[in-house]
Amino acid sequence: MDNDNNDAASVSERIKGIRKTLLQERQAILKEAKTEIGNFVKGDEKQLVEAALDDGDWSVVDVNEDIILQKLHHHKLKLNKIDEALRKLNDGSYGVCDDCGIEISEARLKVLPYAVHCVECKEKREKIEQVEREQSFQ
């Protein structure tokens, strides 16, 4: 019986640790996104616009805006993954591959705590995506 209690306590501590890691990463992303938005709104971007004199200058402004928007989009995607991992922690399905249903390795979850696919399924998905990209260029 003590083993069962120790195992349950171990699982509980593991879940608390994962939740803490996810929440810390979430906070860091939110802080970075707020800083980027604040800089954009405050005037870092405005200075570029005011300095733009010709089409080349406007291209720099456009590229800068695109980079900021891409960063914010990346933050949004990562936040969605973290929120999904937190949801799975709450419902008990955390750490199980969405495709094949086997447990995702502890090593993978340590590196990417919001992973939803095991290494094998992720590699399969990446190969399929690569083939699709190659075919779209033909």
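I began with Glu84, which forms a salt bridge with Arg87, the closest N and O atoms being 2.5 Å apart; the model I am reading is a predicted one. The two residues are three apart in helix α3, so about one helical turn separates Glu84 from Arg87. I looked up their accessibility as well, and found Glu84 partly exposed at 29% and Arg87 partly exposed at 40%. Glu84 and Arg87 also belong to a network of salt bridges that includes Asp91.

I then turned to Lys88 and Asp98, whose side chains meet in a salt bridge at 2.4 Å, N to O. Because Lys88 lies in helix α3 and Asp98 in the loop between α3 and α4, the pair ties together parts that are ten residues apart in sequence. Lys88 has a relative accessibility of 6% and counts as buried, whereas Asp98 is partly exposed at 46%.

Next I checked Asp99, which meets Arg125 in a salt bridge at 2.7 Å, N to O. This pair links distant parts of the chain, with Asp99 in the loop between α3 and α4 and Arg125 in helix α5, 26 residues apart. In total I noted eight salt bridges.

Leaving aside neighbours within four places in sequence, I found Ile82 in contact with Leu22, Glu25, Arg26, Ile29 and Tyr114.

Last, I noted the confidence: the chain averages a pLDDT of 84, with the lowest mean, 54, in helix α2 and the highest, 93, in helix α5.

Conventions
Residues are numbered from 1 along each chain as its sequence is written. This is a predicted model: local features need pLDDT of at least 70, side-chain atom pairs count only at pLDDT 80 or more; totals for chains, interfaces and linings use all residues. Side-chain values use heavy atoms; hydrogens and water are left out. pLDDT is the predictor's confidence in each residue, from 0 to 100. Helices (H or I, at least four residues) and strands (E, at least two) are DSSP runs, numbered from the N terminus. Contact means heavy atoms within 4.5 Å. A salt bridge is a side-chain nitrogen of Lys or Arg within 4 Å of a carboxyl oxygen of Asp or Glu. Buried means under 20% relative accessible area, exposed over 50%, partly exposed in between (1.4 Å probe, protein chains only).
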